[in-house]
Every structure is written in C-alpha cells, then in structure tokens.
Amino acid sequence: MERLIVISSLVHALAEGEAEAHGGGLPQPIVSAMAGRNALWFGWSGKVTERFTGSLKLECRDGMRVASVDLDPADIDEFVNGYANRTLWPMLHGRTDLAEFERHFTDGYERGNSRLARSIMPLIEEDHLVWVHDYPLFLVANELRALGCANRIGFFLHTPWPHRSILTALPDHARMVQALLCYDVIGFQTEDYRQAFLDYLESELGISPIEDDLIEFEGRCIRVLALPVGIDAAEYRDLLASPEARASHQASMESANGRSMIAGVDRLDFSKGLPQRFAGYDRFLSARPDMQEQIFLLQIAPPARNDIPCYSHIREELEALSGRINGKHATSNWVPIRYVNREHSRQQLAGIFRAARIGLVTPLQDGMNLVAKEFVAAQDPENPGVLILSKFTGAAAQLKEALTINPFSADELAEAIEQALKMPVAERKRRWRSLYDIVNREDAAWWCDSFLQRLRGSSEIERPVLLSQAA
C-alpha cells in the first residue's frame, strides 16, 4: 500500500471532533476519505508555544496518524492571521479592498511555510507521496525542494483562484506563483479557476500549456487539474440515523410548527454574502405578505477569525439587518429570521437540513461549498427540499438541478424562494435525484482517488518530451 503524507496548515480542530476548522484545516469529508489510506496528516496543532522548536507530537486519531507542531505568537500574528487570512483570503475571493499588504505579513508567511516544511521533512521517506492543501501553504513544495525532497508533491486549492487582474495587485505575485510551480500536480475546484491560473501563467510568466493539462517550467512538467471536491455522502446520510441528528430533526419540525423552514449555514465571513441574502429574503417578504407567517429563515453563522477587524463589522451588520427585518415584518406570533451565532455539530446540522424546505447557499464567491452537497445528502427522498445555489460557487458547476441565482440580485433570490415554495413534489424529487446522484458518485473518495492517481503517475510514462528537449 502506498504511503501518503497529507499537509494542511491546521490539524487540531477537526481531529478533535469540532464542528468546523477555520483557517486551513481539511474539511471533515476529506479526513474521512483519508482514513484507511496509510496516511499521515501533518500541520499546525492549533496551539501556541512561547518559542518555536519544531518538535513534533505524534498520535493516532480516528484511524489516522497525526503529526502536529506548535507555532509561536509571531507565526500566528504574521503567518496565520496575517498573510494567510488578511492578505491571501480576501485576494482569492476578489476583495482587494479588504486585503492588507504588510511586509512583516509576507515575511511571516515565508517563515511559517519554511518551519512547517522543515518540521515534516524528517518523516518524508523515498516512497511517500506528499499532498499539500490550501492557500496558507503555497510555498511548502518550494521549501521542501530546497531541503532536498525529490518526492512527488501535489497541491490542492480549496478556495477560488482569482482573475489575473486581481492577483497582480498582490505584491510579489510572480514569486508566489513560481513557488507554486514546484508542485508536480496542482488541483483546482472548477475549470474556470484552472483556466484563470493558466491565463495568469501565460500573460504574466509567458508559460503556455504543452498539452491540455500539462505545463513546462524550468525543465519540469506540472499537471494542472480541475477536480471538484466531494463529501462522504454515505457517511453523511448515516449521520441522519444518529440519536443527535434524529433529535435535531424532531426539534426542528416542532419548532417550525407547520411553517416552511429556509435554512442557511455559513461561517461568518464576507465571502458568504449574508447581507445580500438577508436583503433578498426581505424583498420576498415585502413582495408576498400573504406568505409571511408560513415561512421563516434559520440562519446559522458561527463566528470565525474574531481577531480580524472586518469580521466584527460583518457581525454587527448582520445583527442590525436581522433586527431591522424582524422589526419590519414580525408579528406577535411569528419572527421571520432566527439568526444564530452558535456552533452546531454535524449531526445537529444534518437534522436541520432534513427538516428544511429550502437550503440557501448563496456566497458571493466560494471555492466549492460543501454545505450545498451536505444539504442534498440529508434530504428525504420522498419529500426533498429545494437547493437555492449561488452561481459563483464551485458547486454550481456540478449541481445543475439546483435553482441557481446571482447572489447580488435581491430580486433573483426572492423569485427563487417563491419558485421553491411553489415547486410540486414531483419536480422536487426529480431535481433532488439528479443532485444526489452527482453528490454520491463524485464523492470524497472519488476525489481523493482521482487526485492521487495523477500524483502517483510516473514522469517517464505520463510526461511527453519537453519542448526544450525536442529542440
């Protein structure tokens, strides 16, 4: 059996069973798919040490071997909260107006990538495949190569890849992308993101594909893929049978009291389009006062990155919006928005999704959005809910039977809510079956297998003669 090292910037949260990891941890379905693959998962422990030592903690959690390292306060401030989350995250989501460009952030990002690479390097053996995940770790392959690592190293980006006109606003953008080309395989969520990456390479670095998914850089071939990440659909449906999920479903149905529930579950982040979602829901309530007491919106938005100023602003804005909308439309017997900032377990969310008539997944920009797929997996086949999905999510490229909208348009969202509420059960079942077939077929295991198949490929067999060699 092949040996695999999986590297993400954070291993602590999901490995400890928390609801969601913020800031670079792998999504839970990917952790499930890695189990049983003879894999070692490495990254930051989530803990802070007074002085960085690089000392590894090795343990086994839920069938997976885990190696973690503590970071020091400067790493947290400059690498994690700085360049990764205050510079790269906004840039990758098209928000140059929110990005902070500080030289010490850049220095901290390089130092953090170097420290993680040096910490894991002693555990990388000749027969290991190395798979690095997400935007905090663009530079890890470059650092590993400098340490003499000749292994096959792959990278997968879970966020969007922006248009070059946005990326070129990033200082030292070319240097970062050139470091990214130290990987053997680079994966993106959608063909649009892959094409945006290739467009950057050609326009800024003069690199053109030598085949559809192969580029040459400094005598090496790099494979560039579009490969949508999936969930463990079977495992997620099994959650529905758990006592906690059943209790959550029952409580949700009783709380709805015969009304149709619209469910939104999002991290509290500017990319999720929550103010626009509230505006669209308000537009629907104003246009259809006859339906007001028949529905309600449950918006779950646990806070993230509380130490970054723009996130406290989002929370204040949403609290004000929900209060204004409730004040405008509520009656003595009904509140239109139930806005909740508390974390919920995966079992609780599965029960809520099962009870919902509509799932609202309307980010302004999202790499994939696994909540959309979890909503589909949780539905009752005999009485499924309707998924309303932003066309700016990676999931929209797969889930074509969702009601796809422009999240910036309050009118489109309002019309989609009305269409979903009026949709006959036969159409709901037809749409759901198509969505579920995709979610079930292109699941987390399929995604892992597909990526690793490309990563393990022999360079002598799979790579063509380089143009420089042919000349």
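Is Gly 385 buried or exposed? I looked it up, and Gly 385 is buried, with a relative accessible area of 10%. (Buried means under 20% relative accessible area, exposed over 50%, and partly exposed in between, with a 1.4 Å probe and protein chains only.)

**Ground rules.** I'm working from a predicted model, where local features need pLDDT of at least 70, side-chain atom pairs count only at pLDDT 80 or more, and totals for chains, interfaces and linings use all residues. Residues are numbered from 1 along each chain as its sequence is written, and side-chain values use heavy atoms, with hydrogens and water left out.

**Around Gly 385.** I found Gly 385 in the loop between α14 and β15. (Helices, H or I with at least four residues, and strands, E with at least two, are DSSP runs numbered from the N terminus.) From C-alpha to C-alpha, Gly 385 sits 8.5 Å from Phe 353, though 32 residues separate the two in sequence.

**Strand β15.** Next I followed the chain into β15, residues 386-390, where five of five residues are buried. Val 386, Ile 388 and Ser 390 point one way, Leu 387 and Leu 389 the other, and all are buried. On to its partners: β14 (residues 358-361) pairs with β15 in the parallel sense over four bridges. (Two strands pair if DSSP finds at least two bridges between them.) In that pairing Ile 358 stands opposite Val 386. To get from β14 to β15 the chain passes through helix α14 (residues 370-377), and I noted this β-α-β crossover as right-handed. (That is, with the strands pointing away from the viewer, the path from the first strand over the helix to the second runs clockwise.) β15 also pairs with β16 (residues 403-405), again in the parallel sense, over three bridges. There, Leu 403 is the bridge partner of Ile 388.

**Strand β5.** I then turned to β5, residues 128-133. Six of its six residues are buried, so the strand is largely enclosed by the rest of the structure. On one side I listed His 128, Val 130 and Val 132, and on the other Leu 129, Trp 131 and His 133. β1 (residues 3-10) pairs with β5 in the parallel sense over five bridges, and Arg 3 stands opposite His 128. β6 (residues 153-156) runs parallel to β5 too, joined by four bridges, with Trp 131 opposite Gly 154. From β5 the chain goes through helix α5 (residues 140-146) to β6, in a right-handed β-α-β crossover.

**Helix α3.** Just after α3, Gly 94 has a positive phi of about 75 degrees.

Asn 38 has a phi near 55 degrees, positive in a residue other than glycine. I placed Asn 38 in the loop between α2 (28-34) and β2 (39-48), partly exposed at 30% relative accessible area. Asp 172 isn't a glycine either, yet its phi is positive at about 60 degrees. The loop for Asp 172 is the one between α6 (164-167) and α7 (173-180), and at 48% relative accessibility Asp 172 counts as partly exposed.

**Cysteines.** I searched the whole structure and got zero disulfides. (A disulfide here is a pair of cysteine sulfur atoms within 2.5 Å.) For Cys 149, the nearest cysteine sulfur is that of Cys 182, 11 Å away. For Cys 221 the nearest is again that of Cys 182, at 14 Å. Cys 149 is buried at 4% relative accessible area, and Cys 221 is buried at 2%.
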